[in-house]
Amino acid sequence: MTILCVRFQLPPTHESALPGLLGLLEEFTPVVEALPPDGALADLRGAERYFGRSAVELASVIRVRSLALHGVDCAIGAGPGPMLARMALREARPGVTCAVPEDAVGEFLAGKPVAALPGVGAATARTLCEYGLDTLGRVAAAPLSTLQRLVGAKAGRELQEKANGIDRGRVVPNAVSSSLATERPFDRDELDPVRHRRALLSATEELGARLRAVEKVCRTLTLTVRYADRSATTRSRTLGEPTAHSADLTRTAYALYEALGLQRARVRAVALRVEGLTPAEQASHQLTFDPVDEKARRLEEVADRARAKFGPRAVMPGGLAA
């Protein structure tokens with residue numbers, strides 16, 4: 001086990017703490033890949049030899065330093081490769097590292113649903129399940145030709161490799177991308193699309209207000225829907241023009257949600273992330289001469305002043321005073 005996948009327990013409004021936490025990981029290895037807004041991958045192959053400790057032992061040191069120096073706990077997954085480390089992280093919890101030993105990869109994967117494999121979306125999972133390939137163990141044992149007929153030549157080969165624990169991923173060092181994120185968990189697994197959309201409205205209102213507060217606009221919006229079985233679907237869309245306008249973000253979030261075609265899906269949480277942040281003063285805005293649009297923007301200004309004076313709860317989603 002040489003790869004760690006770390007998720008720091010950061011509040012949604014504290015993404016700015018991530019660079020310092022990445023610096024903590026870089027004290028052990030220079031091969032650190034940021035996973036905004038709150039995570040990172042770290043390749044500890046060199047660190048294991050240098051410090052004379054296993055990756056799991058080093059994970060304990062990282063957790064203690066994160067708590068002592070930053071007051072932030074973390075959940076950590078460890079595995080032979082990035083894919084397995086990410087999957088292990090899903091079963092980890094703060095204070096405990098979930099580790100997948102190299103000689104137990106098959107056992108770790110065998111009973112998991114196919115949707116738990118990174119890169120397997122809802123449509124692919126449904127196709128495989130229709131043919132009885134509902135677990136990774138069954139996918140691993142299926143003939144390659146069968147998988148290729150079901151999902152395509154390249155995808156079938158990659159699917160079989162991943163189901164057998166062959167992880168060709170690499171940790172690629174990078175800088176923290178410029179982004180903001182927020183998440184809306186439900187008290188229980190939620191089936192009601194109306195409540196899903198209400199959560200998205202709340203999230204876009206928050207992100208819009210935060211963008212305007214730091215005088216930034218975003219270029220891309222990413223939606224992640226987390227399900228009851230711990231799987232997730234992520235979709236992104238590039239906006240027509242950079243914006244910090246909550247209504248634009250809401251329309252895009254709704255479009256991403258509708259495109260998923262969820263029917264009776266048990267949703268545990270929805271998360272939104274805005275990326276490609278640039279200074280608002282450098283962004284151009286296409287004038288529409290639409291009085292409705294101009295009115296909405298003026299209402300946003302009033303709502304932002306109310307938030308600044310009375311706190312975030314002073315304004316309800318939709319820009320109306322509480």
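Biologist: Which residue in S10 is the bridge partner of Lys-216?
Modeller: That's Pro-279. Bear in mind that this is a predicted model.

Biologist: OK. How many bridges do S7 and S10 share, and in which sense do they pair?
Modeller: Two bridges, in the antiparallel sense. S7 covers residues 216-227, and S10 is residues 278-279.

Biologist: What other strands does S7 pair with?
Modeller: S8, residues 232-243, pairs with S7 over eight bridges in the antiparallel sense. S9, residues 267-275, also pairs with S7 antiparallel over eight bridges.

Biologist: Can you give me residues to look for? Which one in S8 stands opposite Val-225?
Modeller: Look for Thr-233 in S8. On the S9 side, find Ala-269, which stands opposite Arg-226.

Biologist: Is S7 mostly covered or mostly exposed?
Modeller: Mostly covered: nine of its 12 residues are buried.

Biologist: Let's jump to the other end. Why is S1 described as largely enclosed?
Modeller: S1 is residues 3-8, and five of those six residues are buried, so the rest of the structure largely encloses this strand. Buried here means under 20% relative accessible area.

Biologist: Which strands does S1 pair with?
Modeller: S3, residues 39-43, pairs with S1 antiparallel over five bridges. S4, residues 74-79, also runs antiparallel to S1, and six bridges join them.

Biologist: Where does Val-6 come into that?
Modeller: Val-6 stands opposite Ala-40 in S3, and its bridge partner in S4 is Ile-76.

Biologist: Nice. Switching to helices now: how many residues does H11 have, and how far does it reach?
Modeller: H11 has 15 residues, 246-260. From its first C-alpha to its last, H11 reaches 21 Å, close to the 21 Å expected at 1.5 Å a residue.

Biologist: Which H11 residues are buried?
Modeller: Quite a list! Among them are Leu-249, Ala-253, Tyr-254, Leu-256, Tyr-257 and Leu-260. Asp-248 is buried too, and so are Ser-246, Thr-250 and Thr-252.

Biologist: And what comes after the helix?
Modeller: H11 is followed by Gly-261, whose phi is positive, near 60°.

Key. Residues numbered from 1 in each chain as written. Predicted model: local features only at pLDDT ≥ 70, side-chain atom pairs only at ≥ 80, totals over all residues. Heavy atoms only, no water. Buried < 20%, exposed > 50% of the residue type's maximum accessible area, 1.4 Å probe, protein only. Helix = DSSP H or I, 4+ residues; strand = E, 2+ residues; numbered from the N terminus. Pairing = 2+ DSSP bridges. Expected span 1.5 Å × (residues − 1).
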